[in-house]
Amino acid sequence: MKSAQSAKSADRLNPSVWHDRAYAPPVAAYLHIPFCRRRCFYCDFPISVIGDRRDGSNSLGVQTYVDQLCREIAATPNQGRSLETIFFGGGTPSLLTAAQIVRLLEMLDRQFGIAATAEISIELDPGTFDRAKLATIAAAGVNRVSLGVQTFDDRLLQAIGRSHTADEIDQAIELLQSGLIENFSLDLMAGLPHQTAEDWDRTLDRAIAIAPPHLSYYDLIVEPGTVFDRYYQPGADPLPSEAAAAEMYRRAADRLTANRYDHYEISNYAQPGYACRHNLTYWQNQTYYGLGLGATSYVNGQRVARPRRRDAYGDWLDRYVESGVAWVDTVEVEAGDGDRSGVGVGDAGITDGDGD
Ligand code: SF4
């Protein structure tokens, strides 16, 4: 009987099948940063809550995790091509210090190489970065920001458990528009409890007036085990009905496309030339390195989902560093698998990461 390995080797020799793409050396890397100040009421992502007074400068947990991530990068075989896209997702990557972000970039460069034209994105949350941090990471190569706004309305921000305020959103946007990193995206959410069609129109008005190069918009999904799961039924008051949520989606598509945004993917809109190259990696079923807690990689035809708990990830990492084999939770995939990465780009449970 032919082993799975020998069948895989035969596939690899056939240039006409999907395996060519599945075995192409990755040029994309996703890093999961699993820390947040608090857990939003709709969130089921793999994160640790560290509170309002902690960040990468004073949390041993964060520092230990950055060390782990560096070990994982160093243990991951270079498949032969430099990185063309990097995405720091979470969680809240802006809870890392600038020095920790720079250290991770240096590790990636040392291990894989980073192309001179690479798109390097990071998710930032309002209230977790300042001009100095932005300037330092921009100087290190970060050239794209995804800002987790969700809504500009303090009442709705509180209703979904976000840790930032509308004022902090204003300050964050002012910083981004000051020219340090001009390529930025706003992440928005619709279908929130008590959110009306008028509220959503105001959100779109404001976003369009800001004119970011890129916008992501996600519907709230009530995920099992979240705070919202205890209180709300999808489609039932105070959540918008299915028809109302669909109308919000249509309204966003109409208004954004009328304002020169290309609706290039289900949840994503971009001004000409600003589609997220990293996001397209997932949508085009390309290979990518996935690094860190809960992240999924897609290398050599295999998707490998890392453990979602810190202790289990630590054990996994020890075994990986020792053996060089990513041995747990390996998922073989077939052509056309729609997986985008266990945790990747986006927010609101539709994709993964967080979009903030
Ligand atoms: S939604 Fe984003 S910011 Fe909120 S807890 Fe989840 S990962 Fe953190």
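Select Ala190 to begin. Beyond its neighbours within four places in sequence, Ala190 is in contact with Gln195, Trp200, Tyr217, Asp219, Ala245, Met248 and Ala252. Keep in mind that this is a predicted model.

Now widen the selection to the largest nonpolar core. This core holds 86 residues. Which of them touch the most other members? They are Ala29, Leu83, Leu108 and Ala190.

Next, pick out two helices. Select residues 197-210 for H8 and residues 242-258 for H10. The two helices pack with their axes 11 Å apart, at an angle of about 25°. Angles under 35 degrees count as roughly parallel, so H8 and H10 are roughly parallel to each other. Their crossing is right-handed.

Show the side chains where these helices meet. On H8, select Ala197, Trp200, Asp201, Leu204 and Ile208. On H10, select Ala244, Glu247, Met248, Arg251, Ala252 and Arg255. What classes of residue make this contact? Seven are nonpolar, four are charged and none is polar. Trp200 of H8 belongs to this contact, as do Met248 and Ala252 of H10. Trp200, Met248 and Ala252 are also among the contacts of Ala190.

Finally, zoom out to the whole chain. Colour by secondary structure to find twelve helices and 14 strands. Of the 356 residues in the chain, 45% are buried. Now consider contacts with a separation of 6 or more: 74% of them join residues 24 or more positions apart.

Note on methods
Residues numbered from 1 in each chain as written. Predicted model: local features only at pLDDT ≥ 70, side-chain atom pairs only at ≥ 80, totals over all residues. Core = buried A, V, L, I, M, F, W, Y, C linked by C-beta atoms within 7 Å. Buried ≥ 20, exposed ≤ 12 C-beta atoms within 10 Å, placed from the backbone. Contact = placed C-beta atoms within 7 Å. Axes fitted to C-alpha atoms, helices over the stretch in contact; angles between N-to-C directions. Helix = DSSP H or I, 4+ residues; strand = E, 2+ residues; numbered from the N terminus. Parallel < 35°, antiparallel > 145°, perpendicular 65-115°, else oblique. Left-handed = near helix turned anticlockwise from the far one by under 90°. Nonpolar A, V, L, I, M, F, W, Y, C, P; charged D, E, K, R; others polar.
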